[in-house]
Amino acid sequence: MRSVLTNARLVLPGAVVRGAVAFGRAIERVGGQFDPSGLFDCPVIDCQGDFVLPGAVDLHTDNLERQVQPRQKTRWPSRSAMIMHDAHCAAAGVTTVFDSLCVGDLGFDEDRHRTYVEGAADLQALHDVLRVEHFLHLRCELPATDMLAKLAVALHHPGLRMVSLMDHTPGYGQYADVARYRVMRLGDGERAEVTEQRIAVLAAQRAAMREANRAALLTLLAGLPVVLASHDDRTASEVAENIALGIGIAEFPVSLEAAQVARSGGQGIIAGAPNVVRGGSHTGNVAVRDLVRAGLVDALASDYVPASLVEAAFALAAAGDLELCDAAGLISAAPAAMAGFSDRGRIVPGLRADLVRVRLVDGLPVVVATWCAGVRVF
């Protein structure tokens, strides 16, 4: 069925214009306030001056894990959790989502492997009832002794489109500050002596496993239709190492230095939208707004809050860091291109009709409708 949105502020590549958009599964016409009568026999929706953006493309979200475990030590049925996660994405204006599932364990959550196995299976089983389009993003923990064996579960999954290489060993990357790592573990109720033993074991495990696991992983992925990202890089040497291996995306660099080296080396840079909304990192890392102002962000990902994408785009525009059309590109056109999609991410005739209607309520962007491939899903 076709639809026409009129009286909208269309967020187009390079400009925001008052106009209308007509669409079925694909966008058919974009322009001024054209009269749809005689052109389209379909519903006409007056947007009353609301913004219409391209549907967000989220390359990394852990939101499924939060639906599976809504409270600590409380597990929800996996398929019910997937349906709720999907609904959250639709309500947040996310029309393409990469479900980021962890492969390999460094002692953070023993149930993560179950979430990974069940999540991969649920994506296939629920494909026909999900509101938005889902893909897999596997987050491979390089120092984990079980990473390669567990990768086999979804290595040839039809939805696999992205793999990131992680290292959450205390003393490196996101957990370079070992004192902060200790506080985190103690806050989770772990005894101090257990934490110290964990730090020592993981350091030895990293020395023994990281390089061999990385080489084997890259060999397994060679020739598969996936994009590769590094995760939580902190130092120039870490970034340079990944660039030399042909890894084209730096995901969530945790320092200005890492982002600068990634940019000079030609990597695409993904940053966290929650960092923008909250005004900084919850773990003491670089503020994403500083990276944006330095021209060191190509795309935003929701990380753990799907609604953060639309809110971050409007926040960057409201602060004068970017024009709204450019800020919207960080959550739509740019991540679509990073993932190898040429059929979405912009309001352009011929592309998928992935659209989001947004109303500002006292400055807060509120998603009031979402269309995925022309079908209203929220």
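The legends below describe close-up views of a predicted model.

**View 1. Strands E1, E2 and E3 are joined by antiparallel pairing.** Strand E1, covering residues 3-12, pairs with strand E2, covering residues 15-23, over 8 bridges, and E2 pairs in turn with strand E3, residues 27-31, over 4 bridges. Val21 in E2 stands opposite Leu5, while in E3 the bridge partner of Val21 is Val30. E1 and E2 form a hairpin with 2 residues between them, and Gly14 in this turn has a positive phi of about 90°, whereas the hairpin that joins E2 to E3 runs through 3 residues.

**View 2. Arg2 and Glu28 form a salt bridge.** The closest N and O atoms of the two side chains are 2.7 Å apart, and the pair links the segment before E1, where Arg2 lies, to strand E3, where Glu28 lies, 26 residues away. Arg2 is partly exposed at 43% relative accessibility, and Glu28 is also partly exposed, at 34%.

**View 3. Asp50 and Arg357 form a salt bridge.** Their closest N and O atoms are 2.7 Å apart. Because Asp50 lies in the loop between strands E4 and E5 and Arg357 lies in strand E14, the pair ties together parts that are 307 residues apart in sequence. Asp50, at 5% relative accessibility, counts as buried, and Arg357 counts as buried at 11%.

**View 4. Several charged residues are linked in a network of salt bridges.** The network holds Asp167, Arg206, Arg210, Glu211, Arg214 and Glu241, in a structure that holds 27 salt bridges.

Key:
Residues numbered from 1 in each chain as written. Predicted model: local features only at pLDDT ≥ 70, side-chain atom pairs only at ≥ 80, totals over all residues. Heavy atoms only, no water. Pairing = 2+ DSSP bridges. Salt bridge = Lys/Arg side-chain N within 4 Å of Asp/Glu carboxyl O. Buried < 20%, exposed > 50% of the residue type's maximum accessible area, 1.4 Å probe, protein only.
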